[in-house]
Amino acid sequence: QTIDEALAGIVRHDFSQQPTFGFYSTMYLAETQICRPLHDPQKVIAHLKARVTAYPPLLKQKTIADSLWSVEFTLMHADNYAGRGDVYNTAGCLTRCATNLVQALFALNETYFLSDKRALTKIAGFAQQPAHFGERLNAILAHPGCDAPALTNSVVALRELWRETCALSTAY
């Protein structure tokens with residue numbers, strides 16, 4: 001069912017299920033793609049693996065569009081929070097944007113997202129990504145700021161990563 005949904009561009013996201021940024025249903029496709037069956041005489045796993053060999057075009061298009069829209073929407077709120085010096089909400093917006101940019105870049109590079117654990121390391125090897133994406137994102141998230149000017153600078157820097165990611169795609 002999850003593979004069928006992914007082929008139709010449907011992704012389910014349960015934020016509470018798994019740290020850091022939740023569980024995406026497409027993680028099952030990544031798991032299926034990399035798994036090594038110990039015993040599969042009926043070729044059930046082989047059949048499923050064949051279905052996830054190619055990254056689904058609708059999944060790519062929808063993930064990129066939805067992720068980049070979410071970043072754009074969140075940045076509008078981040079501007080207001082940053083301008084008020086609201087660290088808690090600005091930092092929350094920045095991390096929300098970060099996870100959506102990660103999802104967009106995985107889809108853009110037609111790579112199933114498996115985990116947040118090594119996501120930036122994986123992105124570093126992608127052909128399509130903003131220059132020094134991981135380093136820039138880490139710099140923003142490591143020091144978002146504690147006053148309105150610093151927080152605003154972080155939002156501006158993240159907006160630039162979003163713009164550069166948008167420029168890589170025709171899906172948004």
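This is a predicted model: local features need pLDDT of at least 70, side-chain atom pairs count only at pLDDT 80 or more; totals for chains, interfaces and linings use all residues.
Let me begin with the charged pairs. Side chains of opposite charge can pair when their charged atoms come close. A search of the whole structure finds seven salt bridges, and I will take you through some of them, including one that joins glutamate 110 to lysine 60, with 2.9 Å from N to O. What does this pair link? It links distant parts of the chain, since lysine 60 sits in helix α4, residues 57-83, while glutamate 110 belongs to the loop between α5 (87-108) and α6 (119-124), and the two are 50 residues apart. As for how open these two residues are, glutamate 110 has a relative accessible area of 44% and is therefore classed as partly exposed, and lysine 60, at 22%, also counts as partly exposed.

Because they are four residues apart in helix α4, lysine 62 and aspartate 66 are separated by about one helical turn. Lysine 62 is partly exposed at 38% relative accessible area, and aspartate 66 is partly exposed at 40%.

A further pair is found in helix α8, residues 148-167, where glutamate 160 and arginine 163 lie three residues apart, again about one turn of the helix. Their side chains meet in a salt bridge at 3.9 Å, N to O. Glutamate 160 has a relative accessible area of 31%, so we call it partly exposed, and arginine 163, with 46%, is partly exposed as well.

Now to the nonpolar side of the picture. In soluble globular proteins, nonpolar side chains tend to be buried together. Here the largest nonpolar core has 41 residues, and those with the most contacts inside it are Leu101, Phe133 and Leu158. Which elements give two or more residues to this core? They are α1 (2-7), β2 (23-24), α2 (27-34), α4, α5, α6, α7 (133-142) and α8, and of these α5 gives the most, with 11 residues.

If we leave aside residues up to four places away in sequence, leucine 101 touches Leu68, Val71, Phe133, Leu158, Leu161, Trp162 and Thr165. Phe133 and Leu158, you will recall, are also named with Leu101 as having the most contacts inside the core.

Note on methods:
Residues are numbered from 1 along each chain as its sequence is written. Side-chain values use heavy atoms; hydrogens and water are left out. A salt bridge is a side-chain nitrogen of Lys or Arg within 4 Å of a carboxyl oxygen of Asp or Glu. Buried means under 20% relative accessible area, exposed over 50%, partly exposed in between (1.4 Å probe, protein chains only). A nonpolar core is a set of buried Ala, Val, Leu, Ile, Met, Phe, Trp, Tyr and Cys residues joined through side-chain atoms within 4.5 Å. Contact means heavy atoms within 4.5 Å.
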